[in-house]
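User: Please take a close look at one subject, the cavities, and describe them in a connected account.

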Amino acid sequence: MKQHNTKEITTTQLVGLMLFAYLFSFALRLIWVYQFKDTSSFIWNGELMINTNDGYFWASGAQHSLWGMHPDNPRIPEMWKYGTVAVTTFLTKYTPFSLETVILYLPAVISSLVVVPIILIAKLYGKVLWGFLAALLGSIAWSYYNRTMVGYYDTDMFSAMAPMFILYFLIRSTIDFDLKSALYAALMVAIYPFLYDAGRAIIYAIGIIYSLYMIWYHRHEKLTYQSLILLFAALIPLPFVEPWNYLLKFALLFGIFTFFKKRTSILSQKSLMITSAILFVMFMIFGHALSLIIHKAMAYLMTGTTQEGLHFYGVKQTVREAGHIPFSTFANRISGSQIGVLIAFIGYVVLVIRHRAFLLALPLIGIGVFALLGGLRFTVYAVPVAAMSAVYLFFVIAEHIQDKRMKYAFIVGATALMIYPNITHIIGYKVPTVFKNAEVKDLAKLDKIADTKDYTLTWWDYGYPIWFYSDTNTLIDGGKHNNDNFIISKIMQTTSPELAARLSRLSVETYVDSNYSVVANTLFKNGQSDQKDPNEVLDAIESGAYEIPKKTRDVFLYMPYRMMNIFPTVAIFGNLDLNTGKRLRKLYFYASYAKKKKGQTIYLANGIIFDNQKGEIKLGRKTVKVKQFVTVQLLKNGKNRIQVKPYSSQGDFVVLYMQTYRRFIVMDEETFRSMYVQMFMLGKYDKELFELVVSSPYSKIYRLKI
């Protein structure tokens with residue numbers, strides 16, 4: 001094998017460059033902290049709150065591990081199953097930092113480690129400066145920063161960092177042909193699902209590419225098949241509970257490695273080939289490799305209603321990160337600019353031509369390209385390799401510059417130009433926290449009222465924060481996107497208080513009694529031979545003909561102000577005839593602000609024009625009659641002052657002005673009578689069925705009386 005110069009700098013210098021790159025990455029992530037450190041509405045318990053909803057899933061898991069909270073929540077992540085929960089638990093328990101501080105800064109602490117494998121990969125080829133500059137770029141590039149910034153507490157902190165370590169050891173194994181490198185790669189592969197289970201398909205793809213690469217280029221070498229045996233042994237899942245499956249797999253890998261080192265001379269290449277082939281088949285079968293990769297791809301390409309018996313609305317197309325993205329967005333997120341991403345892809349081609357082992361990075365590049373179809377979340381995987389590719393191209397171009405100082409000035413300058421738009425993005429990326437302090441206060445009040453076995457029904461966006469701040473359970477949440485979206489949507493948009501109340505009680509009791517199965521599937525017997533007509537079931541529930549289970553716990557309805565912005569999306573899921581998948585009616589709901597006012601005519605920011613004198617609104621080219629103009633003012637005592645100006649009894653629309661928020665809502669008359677509008681916006685509710693327990697401008701929380 002060709003030997004490369006890997007001793008161009010001392011170990012001290014190497015560590016120094018890694019430390020500098022790490023601090024550079026971490027320091028830029030502190031810009032967000034500096035921008036909002038004095039914003040009191042973003043602070044809770046003396047610390048800035050996190051800025052991703054999913055973070056509260058892992059944080060609730062840490063609460064469970066640390067203090068035994070959420071004992072009745074079937075969805076709480078266990079510490080030994082998820083590395084994010086385990087790391088958070090240990091840091092909170094054994095350091096002076098609070099849980100709020102740990103979950104805030106951990107993404108920056110972990111994700112910045114990506115600089116280490118980037119520099120080490122470059123060191124394999126004797127070009128540490130290449131790795132150092134690429135580390136500066138890759139660690140803060142647009143997409144990687146967005147998903148690993150301070151406050152973005154999620155498993156994404158491991159998503160690209162851990163695969164880069166795996167890539168380093170795999171590439172190293174093709175260069176030094178030392179079985180230790182394959183062992184280290186196998187150990188990283190084995191632990192990867194613990195760190196980032198959602199990326200299992202990516203590691204499978206890297207494993208398959210590595211297998212093909214080694215067999216194609218090194219098929220006559222005995223060590224090739226020893227390496228593959230280690231890799232496949234790491235990829236095959238073991239049927240044991242955590243953490244024993246990881247410990248046993250580590251022991252297995254070390255055992256195989258030791259066996260190979262001591263018995264290499266007595267093992268024939270043929271026996272190694274057969275063993276690796278058997279393990280490959282086992283990996284494909286027991287790891288469900290192909291089906292997993294295909295399933296992951298299809299899951300982000302599917303849209304429309306589901307076809308499993310009844311026609312429920314699919315959730316993927318409503319998730320922003322799962323939608324198609326334009327090339328400009330794709331390019332910006334990977335390299336900071338369209339020119340930058342083109343440089344990166346050209347650089348990758350040149351890199352593969354000169355160093356074929358970079359073919360092993362193809363799955364990371366491929367999943368990044370898949371983002372054009374699958375959504376922006378996938379761009380993060382390509383960022384480190386794209387950074388290495390772009391900077392490598394600068395080194396190749398610089399080979400034609402004779403003057404040494406000019407050569408390095410060009411490389412550093414070109415890299416700086418790549419870094420600049422990414423830093424500009426970081427400075428301008430002022431994302432808010434998930435909830436504001438006042439909203440959390442409402443959930444803290446609920447925490448004092450509710451028991452840990454109680455349920456809070458609301459849209460899935462708010463599920464995890466409700467766990468964390470109120471210690472109650474939910475029917476749907478950020479990771480449980482199933483047919484029960486229909487249930488919650490129907491509760492929020494129905495005009496019948498009886499249906500809302502009875503369906504709420506029935507749903508919770510059914511969910512618990514059925515061992516946490518999908519409620520909608522259970523109630524309607526979805527996909528079964530005796531499938532029920534959902535319309536008939538809902539009518540029976542509303543009329544009282546359907547027997548409602550006895551109360552075993554309290555049920556709360558959480559209606560936040562922030563749901564107003566997504567209410568049309570929420571309504572889509574319940575505004576369906578499940579028998580056909582067709583919408584029940586045309587639903588109108590436009591929330592906006594007054595842009596200007598001329599006399600009695602109000603021009604809204606979304607283009608709607610409201611003639612307050614004639615009682616008409618102009619929607620595009622169509623002018624329609626308004627039934628009534630309702631003004632709502634929230635008083636200091638928590639009650640609402642409501643003024644109604646009637647217009648035409650034939651009008652189909654209602655204009656609602658929420659004076660406290662200075663917002664206008666234009667909606668159809670039926671939507672105006674929905675539970676969300678009546679109970680949150682107007683504060684009107686059936687006192688026989690509901691009790692208002694928390695009220696503020698940010699949310700209203702009702703307790704079910706039945």
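Analyst: Ala, Val, Leu, Ile, Met, Phe, Trp, Tyr, Cys and Pro count as nonpolar, Asp, Glu, Lys and Arg as charged, and the others, including Gly, as polar. The model is predicted, so local features need pLDDT of at least 70 and side-chain atom pairs pLDDT 80 or more, while totals for chains, interfaces and linings use all residues. Residues are numbered from 1 along each chain, and side-chain values use heavy atoms, without hydrogens and water.

A search of the whole structure finds 3 cavities of 30 Å³ or more (a cavity is a set of points on a 1 Å grid over the protein atoms alone where a 1.4 Å probe fits but cannot get out, and its lining residues have an atom within 4 Å of a point; volume is the space filled by probe spheres set on the points, which are joined across faces, edges and corners).

The second largest cavity holds about 50 Å³ of space. Around it stand Trp 44, Glu 47, Leu 48, Met 49, Ile 50, Tyr 56, Glu 100, Ile 103, Phe 468 and Tyr 469. By class, this lining has 8 nonpolar, no polar and 2 charged residues. At least two lining residues each come from strand 2 (47-48), helix 4 (99-111) and helix 23 (463-470) (helices, H or I, of at least four residues and strands, E, of at least two are DSSP runs numbered from the N terminus).

The largest cavity contains about 70 Å³. Its lining comprises Val 632, Gln 633, Leu 634, Asn 640, Met 658, Thr 660, Tyr 661, Phe 680, Met 681 and Lys 700. Here 6 residues are nonpolar, 3 polar and 1 charged.

Conventions
On a 1 Å grid over the protein atoms alone, a cavity is a set of points where a 1.4 Å probe fits but cannot get out, and a pocket is an open set with protein on both sides within 12 Å along at least five of seven lines; lining residues have an atom within 4 Å of a point.
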